[in-house]
Amino acid sequence: MRNPWLLALLALTALRLLGAALLPVSPDEAYYWVWGRALAPSYYDHPPMVALWTATGTALLGDNALGLRLLAPVGVAIGSVLLARAGEDLFPGRRVGEWGAALLNATLLFAAGSVLITPDTPLLVFWCAALWAAARLHRTQDGRWWLAFGVFAGLALLSKYTALLLGGGVVLWLLAEPRVRPWLLRWQLWAGGVLAIALFLPVVWWNSQHEWVSFAKQGGRAGTVGTGSSLRYLGELLGGQIALATPVVFVLCVAGTAMACRAWWRDRLPAAGLLVTLTVPAAALFLWQALGSRVQGNWPAILYPTACLAAAAFLGPRWRGWKLAGMGIGLAVMFAALLQASFAPLPLPRRSDPTLARLGGWPAFAAEVEAARQQRGAIFVATEEYGLAAELALHLPPGTPVVALGDRWDLFDLPPPPQGQAGLLVRSERRGDGPPLWPGATPDGGAVRQRKGIEAERYRLYAVRVAPGDPPLALLPARR
């Protein structure tokens, strides 16, 4: 093997696999692990792809951090190769794909998604795969690639609803670019669309059986009007993207996309048009959303595969130093973040270290909760927060039942705990001084989650008992 780019990707993937094994599991990841142990056609928060990935990884390697995340670094490596091939097909002989994939791997959004498992991880992988299929279609003019595009687009929709922007961007490309418009009369295009819809139908069916709750939740988030000012939300969106893409890569992506717009307008390059229609309309949508409400930092992640290809394709040799600097800074920040999250060499307080707040101290905290349960003679451990419940289910001994309460658990096919059993409710002090959701809960001490003696979070403990009239309760799967 003599390809330096591919060797670098393999080395980076090995580092990410090591990070996936060492990094503590976040509450959201633990929640997706529960999904993988209770597979369904869809869920309240997202479609099912992340659950299928966690179920596959843990079936192979067990219920541990590496098993939970296994497909993330592997999938990102495959997605990187496909993005590189897409760049080569769109701009043959110019190494656009390798540079674009390298820039994408330098963003914190892609780097985090290559170690942690979230719905954005499979979304980005299948987004890159669909882009590769579209690029192959453009280069070969073989209509069968529409079928592949449809499959990858459907798999992206099974990952996250923002994949709708993938299909919308390609439709806009077909309508706006005269040289690809004839595909609208070919059966392969429509068959690809049918394949995408068919793959997504289980999510539609599940929602129809659950009062369209997932569509309502995510659609409502997109249309919510916030209480802050437009300038504040716009500032948060732009500042977040500069940080998550890293400043140099962000500038390269913006400049490259602007040059791609110019090339499409002036030179009528269909390849430039594909990059523009998959980047600019979605970016405009997020900017519009930020005029009235907060846009989560990870939502615009779908913009970066095409924006990085645009930077590689349309920013000439004088930008080479910027590209190298962007890659170096991004990889250095990724390495520093992994080091701090895994080993905490810097004794930073919670307010200065997001890795402490989300990742720190879960195994030791679960051991403290288990000791408190045994001391009080409780049968199970319960909690009101879905992430906390999932963390305890993942870290407590398999023989300790974990009960989650809240309306979202009605949407799972999980049994309730037996009537009359006594339990120990764990409740974060962040939820305030109000009474717990569990009727009749009585205070029974406290616990602290910490890492190397630095406090991450405080919790109150309550004695509870299962009785008729309790809120929805679900007995979570145990670690195998």
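Here is a short talk about how some labels in this predicted model follow from their cut-offs.

Me: What should I keep in mind about the model and its numbering?
Reply: This is a predicted model, in which local features need pLDDT of at least 70 and side-chain atom pairs count only at pLDDT 80 or more, while totals for chains, interfaces and linings use all residues. Residues are numbered from 1 along each chain as its sequence is written, and side-chain values use heavy atoms, with hydrogens and water left out.

Me: Why is His46 called buried?
Reply: Buried means under 20% relative accessible area, with exposed over 50% and partly exposed in between (1.4 Å probe, protein chains only). His46 has 10% relative accessibility, so His46 counts as buried.

Me: Where does His46 lie, and which residues does His46 touch?
Reply: His46 sits in the loop between α2 (27–37) and α3 (49–61); helices here are DSSP runs of H or I with at least four residues, strands are runs of E with at least two, and both are numbered from the N terminus. Leaving aside residues up to four places away in sequence, His46 touches Tyr32, Trp35, Pro119, Ser159, Lys160, Ser214 and Gln218. Contact means heavy atoms within 4.5 Å.

Me: What makes helix α15 mostly covered?
Reply: Eight of the eight residues in α15 (270–277) are buried. Those residues pack against α5 (71–90), α8 (120–140), α10 (164–176), α14 (247–267), α16 (280–290) and α17 (304–314).

Me: Why are α5 and α8 called roughly parallel?
Reply: Angles under 35 degrees count as roughly parallel, over 145 as roughly antiparallel, 65 to 115 as roughly perpendicular and the rest as oblique. The axes are lines fitted to C-alpha atoms, for helices over the stretch in contact, and angles run from 0 to 180 degrees between N-to-C directions. α5 and α8 pack at about 25°, with axes 8 Å apart, and are therefore roughly parallel to each other. Their contact divides into 12 nonpolar, four polar and five charged residues.

Me: How are the residue classes assigned?
Reply: Ala, Val, Leu, Ile, Met, Phe, Trp, Tyr, Cys and Pro count as nonpolar, Asp, Glu, Lys and Arg as charged, and the others, Gly among them, as polar.

Me: What about α1 and α6: at which angle do they cross?
Reply: The axes of α1 (4–22) and α6 (96–106) come within 11 Å and cross at roughly 20°, which makes α1 roughly parallel to α6. In this contact, Trp5, Leu9, Leu12 and Arg16 of α1 meet Glu98, Ala101, Ala102 and Asn105 of α6.

Me: How do you know that β4 and β5 pair?
Reply: Two strands pair if DSSP finds at least two bridges between them. Eight bridges join β4 to β5, and these strands run antiparallel. One example is Arg449, whose bridge partner in β5 is Glu457.

Me: Why do β4 and β6 stand at the edges?
Reply: Six strands form an open sheet of mixed pairing in the order β4-β5-β3-β1-β2-β6. β4 (442–451) and β6 (473–475) each have a single partner strand, so one side of each is left without a neighbour in the sheet.

Me: What makes β3 mostly covered, and how does β3 pair with β1?
Reply: Six of the seven residues in β3 (422–428) are buried. β3 pairs with β1 (380–383) in the parallel sense over four bridges, and Thr383 has Val426 as its bridge partner in β3. With β5 (454–465), β3 pairs in the antiparallel sense over seven bridges.
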